[in-house]
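Dear colleague,

Here is the structure that I promised to pass on to you. Please open it beside this message and keep the sequence at hand while you read.

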Amino acid sequence: MGEGNEDEKPRQKPMYELRRVDDSFHVEAGKLSSTKGAHNANASWSMTMQLAFQSIGVIYGDIGTSPLYVFSSTFTNGIKDKEDILGVLSLILYTIILIPMIKYVFIVLWANDNGDGGTFALYSKICRYADINLTPNQQQEDKKLSNYQLEVPSSRLGRSEKIKTKLESSSCAKIILFLCAILGTSMVIGDGILTPSISVLSAVDGIRDIHGESTVYISVGILVLLFCAQRFGTDKVGYTFAPAICLWFALIGGIGFYNWYKYDVTVLRAFDPKYIVDYFRRNGKQGWISLGGVVLCITGTEAMFADLGHFNVPISLAYIGQSAYLTKFPEKVGNAFYASVPSPMYWPTFVIAVLASIIASQAMISGTFAIISQSLSLGCFPRVKVVHTSAKYEGQVYIPEINYFLMVCCVIVTLAFKSTTHIGNAYGIAVVAVMLITTSMLTLIMLLIWKTSILLISLFFVILISVELVYFSSVLFKFVEGGYLPLCFSLALMTIMVIWHYTNRQRYLYELKHKVSNDYVKQLANDTRITRLPGIGLLYSELVQGIPPIFPHFVRNIPSVHSIIILISIKSIPISRVLPEERFLFRQVKPKEYRVFRCVVRYGYNDIIKEPHEFERQLMESLKSFIRHDNLMVYSERQNIEGHHPQPLVMRPYSTAVHVEEQVVGARISTSSIESFDDTTNKSLLIQIASNKQIEKEIEFVERAMEEGVFYLIGETEMAAHRDSNFLRRFVINTAYPFLRRNFRQADRTLAIPRDRLLRVGMTYEI
C-alpha cells in the first residue's frame, strides 16, 4: 500500500522497526519479513485436491502392494497349523494399526519441517532448537527467519533447556545425532534400491505358465522403463499412475471381501490379540523368525513421511481375504495373492498389480530424491545435479546421477537374488532400522521442542521401541540370507557422507582460523599497485564471518580487483525454505569508498538456486536496497548525535513506502543491521529525510558496474593433511575426498556459472 492510500485505510499496527540488533556481521542490516510462512499460505482447495490425488499414486503405492508378498515371506516353510494363519493375521493387523496409523499418521507427521519429512528433516528441526551443528556457521540473524518457528516459553521449558545445554556441550551427542541422521538417510536410499526390485518381481511372478529366469528378465525390463520415466517429474508420474492405484485398492479390497465371505468369515477372530500369544507359544523361535516376513506389511511407511514435500486403505481386507482363502488351501501360501484371485479377475488383477508395483517403486524413488536433496543442501553429500521438475509444486525433484545409480543397483539385485523371499530378507532390515531411528529422534523432539508430558513420552518410546526392537532382532537373524545387503549399502553411503562432511568441516575451520582482518581492506585501499577493473566480482567462500584467506591470495597473484567486490557465502539453513526477501544478508567492509561487501546468501534445504541471470538481478537489487537503507541509518545516527531526534521508521508489511510512526518510542536508529529485503522503499520519502546525493551516486556506480559485467571468482582450494596426522586422517583428506571431488560435480557446475565469466583461484590448505 502506497503513501497515497495511507489515510484512506485504518492505520496498521507497526510490525518491525529499524533498530540496533545483535549482529554476527557486527554492522549489518535488519528487517524481518512480515510474511511469516508465506510459502505455506493456505492453498486453494483445487491445489489441495490435486496434491491429494498425486499422493495416492506416489506415496501409498508401496504399502499398498505389500499383500503381494507378505504371506509367502512369512510362511517360508509352509503352514503347519491353520491356527497360525490367525496368529499371523493378528500380527499384521495390529502392526498396521500401531506403526503406520498411530505412530506415523497421528504423531510423526506432526513433526514435519514446514511440510517436509524424513530423517534429515527431523535432524534439521533439532538443529534449530539446539546448537548441535558440527560446522560453526550459525548466526543470530538465522533465528529471525520466518520459518524458524522458535517456541515460546512453557511450563516445561526448564527440562527442555537442560536437555538443550547437555546436547550443546557434548561433542559425542552431536556426532551421534549426525550419524543417526545419515544412517537413516542411507537406509532409506537402500529402500529405494530394494523396493522396486521386490515389488516388480512379486507382481511379475504372477504370470501363469512363465517361471524362473523369464520373470526375472521381464522384471528387469520394467525397472529400466520405470527409471527412464523419472525425468518427466513426480507430478506427471503421480497423475499417470494415481488412477491405477485407486483401482488397485478397490480391487484388492473387493477380492479380499469376496474371499472372506466365500471361504471363512470367522477369520475376523484375529482381532483378538490372544491369537498372537498362542502363535508364539506354538512356534517359539520359528514364530519369532517369521516376524521378518510380517514386518513387510508396513513397507513404505517411511517413504510416506520422507515424501511429504510432494504432497489405512482396504489393505486390511486384502490380508483378511487371503487368510480366509489359506484356511481352505494352506498349500498355496507360496503364491497366496494370485491363487486367491477369482479366475475371471486374474488378468485384470495381474495388469493392475504390475502398475501398482511400479507405483510402489515410484514412492521410494521419490523419497530417495527428496532426502538426497536435503542432505546435499546441508553439506552431507557430494554435489549432484538437482532438477526441480515442477514449477507449480515445491519439493518435487529429480537427480539424474542418483536415478541411474538406483537403476543399475536394482537390476543387479534382481538378477542376483531372483526371488522375493531373498530380497525380503534384505528389505526388512532397512525398513525397521529407519523406524528405530525415527522413533529415537522423535522422542528427542518431544522432549526438546514439543515439551510433551514425560508420561506420554515414556509410553510412546517404551511401546514403540520395544515392538520395533523385536522386529529388528528378527530381521537381523536373516543377515546371511540377504540381510547384509542394506547394511553394505548403508555403510558405503555413510562412508561417503562422513568423508564429505568431515573434510568440508575441516576446511571451514581452517578458513575461520585464518580469516583476514578488515584492516586488510584498508591496506588494500592505500596500495597504489592494485588495479581496479570495471565490473562486479563475486568471490565465493563458505566463510560467513570475516574475509576468507582466498581473497588476499587472489590479490597477491593477480594484483587487481573489480570496482565492486562482493564476498559471497552460500549458507544452508536448517529449515526447508527461506523467503526470498530474507535471503540476502549484507555488510559493507570499511573503507566504504573501496566498495567491498560481504553477503551471506541463505537457502533452506528445499530452496532452488536460481540461474545466474536471475541470481545476479536479485543480488543487485538487494545490494542497492542495502546501500539506500545503510545511508539512511547513517544520516539518522548523525541527527541523533547532533541533538535532533527523528521519529523512528517502521517498515509496514506489504508496503511500498517507509512510514513515520508517531506512536513508536524506540531507541536511536543506528548503523546496525538490516537483513535482506525487497526494495520497496519509496524514493521520494528518502529524499525528504536524507541527503540522497551520495545514495544516488552509489546506486549509479553499482548500475554502471553491472553493465560492465558480473564475474565469478571461485576458490579452488586443495586440502592436504598435516604431516603429523595419523594414517586415517591422511587417507580421508589426501585420497578419499579428492576422489569424491573429481567424480562428482564441481561447484561452478552446481551453481550453473557461465564459463566465460569464471575465474578459478587455486590455494592449498594444510589441515
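What follows is a description of some helices, a sheet, and a few single residues.

The model is a predicted one, in which local features need pLDDT of at least 70 and side-chain atom pairs count only at pLDDT 80 or more, while totals for chains, interfaces and linings use all residues. Residues are numbered from 1 along each chain as its sequence is written, and side-chain values use heavy atoms, with hydrogens and water left out.

I begin with the sheet, whose strands, like the helices below, are DSSP runs numbered from the N terminus (E, at least two residues, for strands; H or I, at least four, for helices). Strands of a sheet pair through backbone hydrogen bonds, either parallel or antiparallel. In this model six strands form an open sheet of mixed pairing, in the order β6-β7-β5-β4-β10-β11, where two strands are said to pair if DSSP finds at least two bridges between them. Strands β6 and β11 (758-766) are the edges, each pairing on one side only, and the twist from one strand to the next averages 25°. Strand β10 (residues 710-720) runs parallel to β11 and is joined to it by nine bridges, and G715 stands opposite V761 in β11. Helix α20 (residues 484-513) lies across β10 and β11 and runs at about 90° to β11; such angles run from 0 to 180 degrees between N-to-C directions, and axes are lines fitted to C-alpha atoms, for helices over the stretch in contact.

Next comes a pair of helices. Helix α6 (residues 157-169) packs against α18 at an angle of about 120°, and their axes are 8 Å apart. Helix α6 is therefore oblique to α18, because angles under 35 degrees count as roughly parallel, over 145 as roughly antiparallel, 65 to 115 as roughly perpendicular and the rest as oblique. In this contact (heavy atoms within 4.5 Å), R159, S160, I163, K164 and L167 of α6 meet L444, M446, L447 and L448 of α18.

S375 belongs to helix α16 (residues 346-377) and is buried at 0% relative accessibility, where buried means under 20% relative accessible area, exposed over 50% and partly exposed in between (1.4 Å probe, protein chains only). Leaving aside neighbours within four places in sequence, S375 is in contact with F120, C380, F381 and M497; the C-alpha atoms of S375 and M497 are separated by 8.9 Å, although these residues are 122 residues apart along the chain. A polar atom of the S375 side chain lies 3.0 Å from the backbone oxygen of I372.

T95, in helix α4 (residues 83-105), is buried as well, with a relative accessible area of 6%. A polar atom of its side chain lies 2.6 Å from the backbone oxygen of L91, and, apart from neighbours within four places in sequence, T95 is in contact with P100, V294, C297, I298 and Y471.

K451, which is not a glycine, has a positive phi of about 55°; K451 is in the loop between α18 (420-450) and α19 (454-476). R595 has a phi near 60° and is in the loop between β6 and β7. The peptide bond from K590 to P591 is cis, with omega near 5°.

Notes. A polar contact is a pair of N or O atoms within 3.5 Å; within protein, one must be able to donate a hydrogen and the other to accept it, and residues adjacent in sequence count only if both atoms are side-chain atoms.
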